[in-house]
Amino acid sequence: MNSHLEAVFGLRPQMRRAFIMVQDVVMVLVAVALSLILSRSNLSFEAFSNEGLATWAGIVVISHLLFRYSGLYTTVWRFASTPDFFNILKSCAILTFTLYMASLLLRFYRPVAGLNERQFIVFFLVSFTIISAPRLFYRFLRDGASWGILSRKTDQQAKRALFVGRLGEADLIIRFTRTAQPADYSIAGIMATERGAPLGTRIQGVPVVATMPRLIDVLEDYATGTKSLDLLIFGSGAEHEIEDYSELVRIARHGDINVVQFSGLSELEQHGKLVLDTVEMETILRRPTVASDIQRIGAFVGGKRVLVTGGAGSIGQTLVRRSLELGAEAVLVADNSEFGIFQLSQYVDEKDHDRLKVRIVDVADRRQITRVVTEFRPDIIFHAAALKHVPQLEENWDSAIQTNIFGTLVCAEVAAKCGVAQFVLISSDKAVDPSSVLGMTKRAAEQIISALHGTPAGETSGRRPATKFIAVRFGNVFGSNGSVATIFQAQIEAGGPVTITDRRMTRYFMTVAEAVDLVIMSAADAASRQSGDDYAVYMLDMGKPVPILEVAETMIRLSGKSPYKDVAIRFTGIRPGEKLHETLHGEDEELVELGISKIFGLSTDVVEWSDVQVALTALQQSAKNQDKAAALAALAGLDRAKKARASARQDAIPKTAGQAT
């Protein structure tokens, strides 16, 4: 039987459809015959007489037209479900009613003996049964476990898995894992997250083996070897629904059980396929993410030409891929890392390669940047190029100044000169009350952008530039190159120790994908604002700061080891330039609600462009003389100029009568 069905459904679609149509009308004729036999009716005319043949032909035509009109032949048998069988029930009821009315009409012209309502009731039941049966039987055979039982074959390569999540998702996942050929996974049990879920019941034959709050105990039973298990599959959003999510992941990995998370279904084509994502540390942190306004950021980027400096870095790569996904006309990567650009080209989908351009350039080289911008003609520049390692930049301060400050200056001035519509600087929380070379250079970069936002370089008329300049400030991006997560992971894999500067240290964390979408949203908001109602600096809401010690301990546990016992944690002391805690805005900066989730505008005093030019000239001379103290003094001068301007502005405010001395 299996081979027969496979042969039929291996035919071309047109031939397969014709075969099913013929089968259905034959089943209708069989149902007529069976209804007469079962009801023991004796018709007054012969079945194969002219009258009989005409009757059968009429029934064939009526049933065929009705089934076509009802959509019976647009359903894929393999995915037949309750609505499809209800459609068959409805079609058979209409056919029965139509034939009954035709028999009543016929009686006005010629009485027919042996025909009554009883035959039509039997016909309805028989026709529905024998028309549904082949569809139901094929679905039964193709539905994983049933197919395996009847064919006496089992797939030894399928991985045994536990599913942790909602019962509705469990039903979907079981169905699709069973229909996969060959089967990749076999769901052995369900750990339900709904309160009061019926323990011991079955979904498609798979038992519910655990409910909250006993998920940990049951998983430990599997992980310790009493029951073999290869995979733990979490349902979508499980990290927010399960309080012990991190502990479940730790137990699974400690027992050499791979952990993945269900995130949807791929395009079905001929076979359904589950999309299972590896559970990463950024998921374990369970920081609530923000649903992106795809429509707005898509409208902003779609059809535009986007240039990303530092496009081979972690944030830059995500900006590049996201711009391509949102429908950018073309994206150009400007970076000085040949290997980074090569890696990026490997990660970008092949279909997007025609829209991706790359240039190996130094962002501080005005000639190179001018040529790139002139040739590519971007609508938006995302300036992500920067040196970002705090201790290294304390030693290599001149390189930090060259890239982070003069690189920003060159790219911004070229953007203004070439009429680029928007320039977006990727800034850092280290720019707030800076204590390191990195922080001071990022602060200076922000001040350059803020000054250009208000008055164009070289202009004294106060006319705003055609280019919209903004900076977007946020904290650490989890898992980026050189981030604490990648360092910890390497140390754990090497057996330890994991090094932390201070047990009290905290940092803000955000996933790369979320940060990039919020950066694009900030740019989209800035593009829609007019002079007087806009902001030079945007700030992303990073949530609560996370203790670095907690991150290290969690990562060690997730690797299947115990902190302090299997992997040592060593405290090394704060390095030059580091802070115990970062802040996202200064005391002199006012947060402004923009009506956009997780994004604020910053209202702050801006350094005049003339003061910026003076500081940059002094800075350039200090770097040339390799005088670090003078360079840092020049950078501090920008803050002094800003504070002096704020103080003068405060003194200029008239005092009220109650304040007069």
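**Exercise 1.** Which residues point one way from β9 and which the other way?

*Solution.* A word on the model before we start: it is predicted, with local features needing pLDDT of at least 70 and side-chain atom pairs counting only at pLDDT 80 or more, while totals for chains, interfaces and linings use all residues. Residues are numbered from 1 along each chain as its sequence is written, and side-chain values use heavy atoms, leaving out hydrogens and water.

Step 1: In a regular strand, side chains alternate between the two faces of the sheet.

Step 2: Ala-330, Leu-332 and Ala-334 point one way from β9, and Val-331, Val-333 and Asp-335 the other way.

Step 3: Six of the six residues of β9 (residues 330-335) are buried, so this strand is largely enclosed by the rest of the structure. Buried means under 20% relative accessible area, with a 1.4 Å probe and protein chains only. Strands are DSSP runs of E with at least two residues, and helices are runs of H or I with at least four, both numbered from the N terminus.

**Exercise 2.** Find the strands that pair with β9.

*Solution.* Pairing requires at least two DSSP bridges between two strands.

Step 1: β8 (residues 305-309) runs parallel to β9, joined by five bridges; here Leu-307 stands opposite Leu-332.

Step 2: β10 (residues 356-360) is also parallel to β9, again with five bridges. Opposite Leu-332 in this pair is Lys-357.

**Exercise 3.** Is Leu-38 buried or exposed?

*Solution.* Step 1: Locate Leu-38 in helix α2 (residues 13-38).

Step 2: Its relative accessible area is 57%, and the cut-off for exposed is over 50%. Leu-38 is therefore exposed.
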